[in-house]
Amino acid sequence: MAPLAPPVAAVRLAVRRALAGLPGAGPVLVACSGGADSLALAAATAFVAPRLGRRAGLVTVDHGLQPGSAERAEGVARWAAESGLDPVEVVPVTVAGRPGGPEAAAREARYAALVAAARRHDAAGVLLGHTRDDQAETVLLALARGAGPRGLSGMPPRRELDGVPLLRPLLDVSRDDTREACAALGLTPWADPHNVDPAYARSRVRADLLPALVEALGPGVVGNLARTARLLAADTAALDDLAAAALTEVRAAEGGLSVDGLAALPAAVRTRVLHAWARELGAPPAALSHRHVAALDALVTDWHGQGPAHLPGGLPVRRQAGRLTT
Ligand SMILES: Nc1ncnc2c1ncn2[C@@H]1O[C@H](COP(=O)(O)OP(=O)(O)OP(=O)(O)O)[C@@H](O)[C@H]1O
């Protein structure tokens, strides 16, 4: 028997770790574009899941944005069925008419389709193929836009979307490994033209910035950026817990939040309390920026009788009688 290629072993080990101890008896569904990352993920899952007593299926979403996209999706589905994955679904989605740019609209449609498929099959989770390189790119993009620790935490290995667990088993596996795993298994991945389109900031980071960093600082830089994300994710989770407890503490009996209670908190906790409270008041999370939180914070720490801070959606928050209220 030929020895197992190390990249194949690396991807399988990552999948095994993600599936071991996963709650729920249902199948896992691999979200597969046919690209190298999710194809390597699907192949590894087809191998590992049955050995852990778990069914594994595959969903491929057809965004209908490129000529030949339906054929690509059918090709992925055919390969998946031959590989023993079950259930296998091609889900066509309509991207036009959704809010945001075309990329954001496609992502939203894709995740909605993945969650719906997971519900249909009572799945224990959906597996996504993001790699360590994707994580490094995410951290660099977050740094460049001045994100705080939450943005720099990158993509979590596990989160829930509308009650469906989304897992990213490959966050510690390199893209070179997923490509080499596909090659070793004789799989031909689909090359997404978007990934090399310089119109997208992520493509430019992938094609130019990350290779330049590796050239200047050495190959460890990709793993180091991913490690930064992990470290910050742990700190952010701890601060979020502190903030949740502090929010309860600073609630005023008459409604709103106590200014004295807020002023006594460390800034990192206070701004999180204000952020969580603004969401509770109905500010849409996507529109809630650091400027809104800074305006709320100024009512506490830079009070000079100023008018209300306006949250997205036009909601005014005032300081009155020692409280922040709406
Ligand atoms: N059309 C699709 N159908 C199903 N899942 C998808 C689709 N496109 C992306 N995904 C999932 O989202 C993950 C991230 O996709 P994205 O296009 O951002 O990254 P990528 O690095 O190009 O991944 P891949 O090499 O697998 O295409 C993929 O690994 C896959 O799990």
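**Domains, a helix and a ligand shell**

Mentor: The chain is assigned a domain 1 (6–225) and a domain 2 (251–325), with bounds that come from an automatic or database domain assignment. This is a predicted model, in which local features need pLDDT of at least 70, side-chain atom pairs count only at pLDDT 80 or more, and totals for chains, interfaces and linings use all residues. Residues are numbered from 1 along each chain as its sequence is written.

Trainee: What pLDDT does the chain average?

Mentor: The average is 95, and 100% of the residues score at least 70; pLDDT is the predictor's confidence in each residue, from 0 to 100.

Trainee: Why is α11 (residues 267–280) called a helix?

Mentor: Helices are DSSP runs (H or I, at least four residues), numbered from the N terminus. Helix α11 has 14 residues. From first C-alpha to last it reaches 20 Å, close to the 20 Å expected at 1.5 Å a residue; the expected span is 1.5 Å times one less than the number of residues.

Trainee: What makes a residue of α11 buried, and which residues are buried?

Mentor: A buried residue has 20 or more other C-beta atoms, placed from the backbone, within 10 Å of its own. Those of α11 include Arg 270, Val 273, Leu 274 and Trp 277.

Trainee: Which residues come nearest the ligand?

Mentor: Of the 17 residues around the ligand, Ala 31, Ser 33, Gly 35, Ser 38 and Gly 129 come nearest; a residue counts as near if its C-beta atom, placed from the backbone, lies within 6 Å.

Key: Helix = DSSP H or I, 4+ residues; strand = E, 2+ residues; numbered from the N terminus. Buried ≥ 20, exposed ≤ 12 C-beta atoms within 10 Å, placed from the backbone.
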